[in-house]
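Q: Could you walk me through this structure, one feature at a time?
A: Gladly; let us look at it together.

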Amino acid sequence: MFESSNIIVGLEIGTSKVCAVVGEFNENGVLNIVGVGQARSRGVRKGEVVDAVAVEEDVRNAIVEAEEMSNAEIRSVYLGVTGGHLRGLNNRGVHPVVSADREIVEEDVQDVVKNAKAINLPTGNTCIHTVRQKFLVDGQDGIVNPVGMFGSRLEVDVHVVHGNFNRLQNPIRVVKGLQIAVEEIVFTGLSSSLAILTKEQKELGALTIDIGGGTTDYVVYADGIVKHTGVLAVGGDHISNDLGYGLKVPLSRAEQLKLQHGSAIVDEGITGQQIELSNEFGLPGKTVDLENLRCIMSARVEEIFQLVEDDLAQHDLLDYIRSGVFICGGGARIPHIQTAATKVFQLPTQLGKANSIAGLKSALDQPEFAAAIGLVKFGSMQQKRSTGGLLRKIFSR
Amino acid sequence: MNKPNEDFKSVVDKNLTIKVVGLGGAGCNVLRHLATTTLSSHFQLIAADTDARAIAQFSQGLALGQKMTRGLGTGGDPEVGRAAAMAQAEDLKILCGGTDIIFLVGGLGGGLATGAIGLMAQAAKDAGALVLAIVTLPFDFEGVRRQRQAQQGLQQLKPIADAVICLPNQGFGELFDQNASIVEVFERSNQLIAQNIFAIWRLAAQPGLIKLDFADLCSVTRGRHTESSSATVEAEGEDRSETVVEKLFSHPFLRDEKLLRESEAVLVSFAAGSDLTMKEVNGVMERINSACANAHIVFGVAVDEQLGNKMSVTLIVSRRGKLVEHSADEEPLSRFGGVDEKEEPAEDHRASRFSPPAPMISDEKKEKLFKQKSRPRSRKKIMMQQGQLPLEIISRGRFEKSEPTIHQGEDLDVPTYLRKNVALN
């Protein structure tokens with residue numbers, strides 16, 4: 001039982017797969033990934049649960065696999081959530097410092113963050129994250145930790161990620177149905193960026209795009225803080241669907257074509273090339289024009305990037321992204337996706353590697369796992385914070 | 001030469017600017033053919049296509065819809081062609097400016113010509129030019145869809161262009177034996193269009209024995225919105241005038257006697273070497289006059305030494321507002337197209353469907369009743385025609401039942417290439 005309290009599990013219920021990653025603090029206090037379990041997802045569309053029974057089964061399979069691999073019992077998870085209903089916004093909270101000597105204490109910080117949270121969310125929406133960006137003391141900008149400073153007016157900028165309460169409850173309910181506790185829910189875009197970005201990249205400013213099966217989540221870091229988050233309910237499924245419609249092939253075949261012949265750009269010299277599809281007897285049945293396939297696919301990929309770019313341009317964020325664009329999720333597997341992204345964003349683009357966690361086996365360092373690995377990292381940060389606080393309390397006694 | 005003619009000549013020399021605009025693949029092919037002929041110097045040839053490669057071969061070209069199709073074709077989709085032309089309306093206007101006659105040449109049924117020819121004609125018309133469209137209709141084997149598209153294109157074009165000369169490829173295959181190569185057939189099609197252009201040009205602009213002027217041409221064509229068919233025949237030898245007439249009346253496009261009888265305007269263009277005699281012209285014209293009793297006949301005779309002892313006659317026959325029946329092969333076309341019903345079969349139909357009138361009704365009354373009944377009947381006939389549904393139902397496939405992803409008014413579940421009009425080949 002001691003073992004299980006030491007592990008941190010990230011569970012991502014995605015549109016194409018359910019993935020559980022088990023992390024463990026080794027004797028030096030460094031986080032190690034010790035197990036991964038995954039299962040094909042059948043009950044999720046566009047990042048949201050549509051068939052709870054199927055999802056429950058898939059989650060169970062993934063958890064069992066992860067338990068076997070890590071040789072640990074999973075009792076609680078950090079759950080990744082996404083969906084087109086999630087929104088990110090920046091808000092500012094104000095709090096007057098009332099103590100006689102005008103020294104800011106921990107309570108003031110908590111109060112000001114609480115004030116920042118009190119925004120008019122649409123009815124039925126709930127706050128998932130409140131990420132502190134920076135503090136202002138009497139109008140002085142850029143303060144990271146105001147505790148101990150003097151001032152009469154404390155302000156804080158926060159980034160709030162909120163979503164529909166009922167729709168967020170669906171995956172939680174499924175996981176709880178398996179007698180597994182949900183420690184916290186985390187927006188998968190945020191967790192992906194945690195796994196991928198280093199501190200320097202966050203300082204310089206970076207955009208992570210997690211192109212999943214059903215949604216595309218994106219997060220912008222600038223000056224080391226979360227500036228913007230967003231979700232597009234468009235992903236790899238849409239590419240398959242477009243191909244199925246455009247090439248007049250069944251969806252499963254379209255999926256296969258996407259994986260085997262897909263590309264994010266239409267390169268020259270493929271004009272007139274045909275792909276022969278075999279029928280169920282293994283005989284040649286139908287031919288598909290490779291150029292058409294690429295055209296359809298590149299149109300969709302380009303559009304996804306364009307929609308993200310439009311959103312960032314609207315928030316005047318493009319100039320803050322100096323270290324570049326990082327792509328993860330299953331979409332990062334599309335050949336030449338960097339070229340397509342560079343074309344749209346006019347920024348250096350690379351595939352995200354989950355390099356922020358030590359001891360990661362290369363087999364696990366796949367773009368698809370970024371979100372789940374990020375969940376473990378998020379969990380470790382939360383635990384460190386709480387244990388750190390506990391230790392401090394013990395020592396301060 | 002008398003004075004008015006000299007006056008006219010100076011006008012010609014100064015003003016008569018003729019542009020030939022080739023739309024789409026077929027149009028460009030015709031231009032290519034025109035460019036190889038000796039007379040091409042009298043025309044400005046302008047290619048307009050979405051296919052950048054095709055354009056590159058011409059000195060004057062208008063590349064349409066480069067953003068939309070990325071320099072590729074339209075994929076046989078008239079909507080793409082139309083959108084491409086619409087996006088570049090300004091360019092079309094500039095292209096058409098300062099011109100007296102604009103020939104629009106294209107093959108209907110495909111993407112660009114079908115979609116853009118209406119807009120092009122409008123632009124030319126707005127610029128004050130006489131708009132003469134020479135279009136081909138697809139072969140029967142090209143399928144119902146292309147036929148339907150072609151008919152829709154024709155419908156758009158007819159009310160705008162001053163005259164439309166319609167050449168069905170199918171009828172034209174008849175000019176050859178079955179074994180003629182496809183290259184030959186298309187080559188011949190291009191040639192025929194070129195001959196039409198030359199014939200009209202010859203009428204208006206070339207010095208000839210019997211001349212007519214631009215105003216004459218306008219009086220026959222301008223504002224009439226006719227649909228015409230045309231034929232060019234050549235003959236040589238002693239009794240060439242006889243042969244020409246025979247060939248003309250047996251030509252697949254003109255074979256139908258009714259066509260000539262009901263024609264409203266006929267343009268006849270003679271061209272021959274200097275040995276052309278008045279008797280020959282007279283003989284041919286007599287026959288044409290007797291065949292087209294009610295028509296306004298405009299004719300011109302030109303001397304072209306290059307023809308040698310050959311005689312070439314081009315006949316352009318116009319009939320207003322009705323689909324000209326070019327040949328027997330055209331029957332299925334009009335049926336699919338849902339344009340104007342053929343008159344002849346309709347009458348047959350009527351006779352068979354109506355029970356004979358009761359014997360006691362007098363002839364007078366019978367006629368009255370017949371008229372009364374026939375009117376609603378014809379309306380009913382139109383109603384019975386199956387139209388094309390305006391809506392293209394786009395499947396959302398796997399997202400059929402899920403909540404649509406609407407982003408700034410666009411349903412992102414619909415394939416991007418459909419929304420962005422990316423043409424597939």
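Q: What is the strand order of the open sheet of five strands in chain A, and which kind of pairing does it have?
A: A word on reading the model: it is predicted, so local features need pLDDT of at least 70 and side-chain atom pairs count only at pLDDT 80 or more, while totals for chains, interfaces and linings use all residues. Residues are numbered from 1 along each chain as its sequence is written, and chains are lettered from A and ligands numbered from 1 in the order in which they are written. In general, strands of a sheet pair through backbone hydrogen bonds, either parallel or antiparallel. Here the order is β14-β13-β12-β17-β18 (chain A), and the pairing is mixed. (Strands are DSSP runs of E, at least two residues, and helices are runs of H or I, at least four, numbered from the N terminus; two strands pair if DSSP finds at least two bridges between them.)

Q: Which strands are at the edges?
A: β14 (225-232) and β18 (349-351) of chain A, each of which pairs on one side only. β18(A) runs parallel to β17 (residues 324-328) of chain A, and three bridges join them. A:Ile327 stands opposite A:Leu351 in β18(A).

Q: Which strands does α5(A) lie across?
A: Angles run from 0 to 180 degrees between N-to-C directions, with axes fitted as lines to C-alpha atoms, for helices over the stretch in contact. α5(A) lies across β12 (206-211), β13 (216-222), β14 and β17 of chain A, at about 55° to β13(A).

Q: How many residues of α5(A) are buried?
A: A residue is buried if 20 or more other C-beta atoms, placed from the backbone, lie within 10 Å of its own, exposed if 12 or fewer, and partly exposed in between. In α5 (residues 188-196) of chain A, nine of nine residues are buried, among them A:Leu190 and A:Ile196.

Q: At what angle do α5(B) and α7(B) pack?
A: Helix α5 (residues 78-87) and helix α7 (residues 112-126) of chain B pack at about 35°, with their axes 6 Å apart. Residues that meet there include B:Val80 and B:Ala84 in α5(B), and B:Leu119 and B:Met120 in α7(B).

Q: How many residues of chain A are in contact with chain B?
A: Two residues are in contact if their C-beta atoms, placed from the backbone, lie within 7 Å. By that rule, 23 residues of chain A touch 16 residues of chain B. On the chain A side, α9(A) gives the largest share, eight residues.
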